[in-house]
Amino acid sequence: MIRVRFVSADGTQTIEAHGVSGTILLDLAQNSDQPLEGTCEGQMACSTCHVIVAADDFPKLPRASEDEEDMLDLATGVGRTSRLACQIVLDESLDGLTVRMPGESRNMQGR
């Protein structure tokens with residue numbers, strides 16, 4: 001099992017969830033009642049699954065695609081270690097991953 005820690009936007013609450021290799025971080029977050037909307041259902045057409053990856057964990061992730069970087073340009077509260085949860089596929093190297101929820105999100109699909 002791969003452990004993921006979800007930290008609330010204000011940093012006051014941490015929830016640990018467990019997934020298996022191949023699980024998409026957005027799915028694990030939603031199954032763990034985290035406030036990630038994922039309006040486009042993982043199609044990388046919105047930024048409502050934006051998360052901020054812990055600085056120590058960020059280098060473990062594969063580099064973001066140009067499309068993901070473009071979508072992050074439209075998100076609010078983006079930082080140096082921001083990623084879209086729909087683009088993070090869990091594997092053993094990500095055991096112990098910590099991500100923080102952003103303070104707000106913007107739905108670029110206009111729904």
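Biologist: What makes β1 and β5 count as paired strands?

Modeller: Four bridges join strand β1 (residues 2-7) to strand β5 (residues 97-100), and the two run parallel. Strands pair if DSSP finds at least two bridges between them, so four bridges are enough for this pair. As an example, Arg5 has Thr98 as its bridge partner in β5. By the way, this is a predicted model: local features need pLDDT of at least 70, side-chain atom pairs count only at pLDDT 80 or more, and totals for chains, interfaces and linings use all residues. Residues are numbered from 1 along each chain as its sequence is written, and side-chain values use heavy atoms, with hydrogens and water left out.

Biologist: How confident is the predictor, going by the mean pLDDT of the chain?

Modeller: The mean is 92, and 93% of the residues reach 70 or more, where pLDDT is the confidence in each residue, from 0 to 100. Watch residues 105-111, though: there the pLDDT is below 50.

Biologist: Which strands are called edge strands, and why?

Modeller: Those are β2 (14-19) and β4 (82-84), as each pairs on one side only. The open sheet has five strands in the order β2-β1-β5-β3-β4, with mixed pairing. Strands here are DSSP runs of E, at least two residues, while helices are runs of H or I, at least four residues; both are numbered from the N terminus.

Biologist: Is His50 buried or exposed?

Modeller: Buried means under 20% relative accessible area, exposed over 50%, and partly exposed in between (1.4 Å probe, protein chains only). His50 sits at 2%, so it counts as buried. Cys40, at 8%, is buried too, whereas Pro35, with 64%, is exposed. You'll find Pro35 in the loop between α1 (25-31) and β3 (50-53).

Biologist: What makes the link from His50 to Ser82 a polar contact?

Modeller: Their side chains come to 2.8 Å. A polar contact is a pair of N or O atoms within 3.5 Å; within protein, one must be able to donate a hydrogen and the other to accept it, and residues adjacent in sequence count only if both atoms are side-chain atoms. At 2.8 Å, the pair is therefore inside the cut-off.

Methods: Contact means heavy atoms within 4.5 Å.
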